[in-house]
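Reader: I have a chain open on my screen and would like to walk through it with you, piece by piece. Could you put it up here before I start asking?

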Amino acid sequence: MDEFQKYDNTALFFVGNEVLTTAEVSNAAPYVKAAVRDMKAYRDSKSYRKIPIGYSAADVPGLRPMLQNYLSCGDNDAERAEFYSLNVYEWCGDSSYDGSGYSELQKNATGYNIPIFVSETGCRVSRPRLFSDQAAILGPKMADTWSGTIVYEWLEEENDYGLVSYGPKVDPMVSTAALDGFPRSGTPMTVSPDYGNLKSQWATLSPTGVKLSDYSASTSISPPACPTSTAGGWIVNGNAALPSVGQTLDSAATASGATSTSTGSASQPSASPTGGGTTAGGKEVTGMCLGLLGVLLGFVVWL
């Protein structure tokens with residue numbers, strides 16, 4: 001944070017990426033929320049620009065919508081996330097708004113009290129990638145709720161998600177400019193047909209942003225209720241006390257036998273290439289560091 005807050009094009013900070021991948025490990029959620037609290041406190045103590053701090057989640061039906069509601073619930077603003085995002089790989093090939101499960105994502109996000117956006121998309125189960133989901137995310141179906149999308153990924157690497165390449169793979173022992181064998185400097189060359197397909201999709205779309213001042217003046221959305229635990233599902237019960245640095249998990253404090261309902265589509269969990277989600281479809285971690293082609297078109301203007 002100390003380094004990146006210096007740059008005026010730093011849009012946000014993620015406290016984590018796909019930390020929770022099943023409902024069985026949802027008792028880790030208080031630690032994610034505590035990281036949000038601590039990073040916000042540190043940012044403010046240093047009088048840094050209020051760069052939003054939030055979380056990038058695996059799109060797991062068993063965690064919908066409990067995780068997104070948990071991270072934004074409660075009366076203490078210092079503990080709530082300032083945005084929530086999902087890594088979504090459900091729209092593969094020539095799918096549809098309903099068939100992909102995007103309609104369920106929109107249903108769960110309607111009325112949400114903090115900005116929400118797609119932090120990864122670009123399913124490659126069906127080739128070539130068509131990116132037809134962009135018309136849903138950045139069009140009339142979702143644009144009024146979702147603050148844009150990030151397409152995975154900019155650089156072509158071992159996982160074969162790239163939109164551009166800086167040259168063929170080389171021996172990393174020979175070239176210090178390619179630590180894993182993939183060059184990261186020079187003149188980028190577009191990867192066909194993915195780059196052109198994405199460019200064509202964006203050419204048809206004109207999303208608009210919302211200034212924070214306009215957003216604040218026009219909304220009175222309240223935080224959602226904190227989800228309660230349910231047997232065999234979401235574990236954290238209500239607005240449980242957050243841990244402090246070094247504190248270990250107290251299962252009795254986070255779980256109970258209360259009931260809750262998980263809202264999700266019948267679709268499979270997203271096949272994220274950067275996380276450990278319980279999905280099929282090639283989940284290589286390679287390339288995460290240089291990965292994301294950021295659009296964030298329509299993201300709430302916080303500055």
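Reader: Let me begin with a cysteine: where does Cys226 lie?

Author: Please keep in mind that this is a predicted model. Cys226 lies in the loop that runs between α6 (212–218) and α7 (251–254).

Reader: And does Cys226 count as buried or exposed?

Author: Cys226 has a relative accessibility of 18%, and because the cut-off for buried is under 20%, Cys226 counts as buried.

Reader: Which residues does Cys226 touch, leaving out those up to four places away in sequence?

Author: With those left out, Cys226 touches Cys73, Gly74, Gly238 and Asn239. As for Leu67, it is 159 residues from Cys226 in sequence, while the C-alpha atoms of the two are 9.3 Å apart in space.

Reader: Switching to a lysine, where is Lys33 found, and what does it touch?

Author: Lys33 is part of helix α1, which covers residues 29–45. Setting aside residues up to four places away in sequence, Lys33 touches Tyr70, Leu71, Cys73, Glu79, Arg80, Asn239 and Leu242. Cys73 and Asn239 are also on the list of residues that Cys226 touches.

Reader: Now the strands, please: what do β1, α1 and β2 make together?

Author: They make a right-handed β-α-β unit. Strand β1 (residues 13–17) and strand β2 (residues 53–58) pair in the parallel sense over 3 bridges, and the bridge partner of Phe14 in β2 is Gly54.

Reader: Moving on to β4, how many of its residues are buried?

Author: In strand β4 (residues 116–121), 6 of the 6 residues are buried, so the strand is largely enclosed by the rest of the structure.

Reader: How does β4 pair with β3 and with β5?

Author: With strand β3 (residues 84–87), β4 pairs in the parallel sense over 4 bridges, and Asn87 has Glu120 of β4 as its bridge partner. Between β4 and strand β5 (residues 146–152) there are 3 bridges, and these strands run parallel; here Ile116 has Trp146 of β5 as its bridge partner.

Reader: How many aromatic pairs does the count come to?

Author: The count comes to 10 aromatic pairs. One of them is Tyr89 with Tyr161, whose ring centres are 6.2 Å apart and whose planes stand at 85°, so this pair is edge-to-face. The pair links distant parts of the chain, 72 residues apart, with Tyr89 in the loop between β3 and α3 and Tyr161 in the loop between β5 and β6 (164–165). Both tyrosines, Tyr89 and Tyr161, are buried.

Reader: Finally, the chain as a whole: how many helices and strands are there, and what share of the residues counts as buried?

Author: The secondary structure comes to 7 helices and 8 strands, and 49% of the 303 residues count as buried. Among contacts between residues at least 6 apart in sequence, 76% join residues at least 24 apart.

Definitions and conventions: Residues numbered from 1 in each chain as written. Predicted model: local features only at pLDDT ≥ 70, side-chain atom pairs only at ≥ 80, totals over all residues. Heavy atoms only, no water. Helix = DSSP H or I, 4+ residues; strand = E, 2+ residues; numbered from the N terminus. Contact = heavy atoms within 4.5 Å. Buried < 20%, exposed > 50% of the residue type's maximum accessible area, 1.4 Å probe, protein only. Pairing = 2+ DSSP bridges. Phe/Tyr/Trp six-rings, centres within 6.5 Å; stacked < 30°, edge-to-face > 60°. Right-handed = clockwise from strand over helix to strand, strands pointing away.
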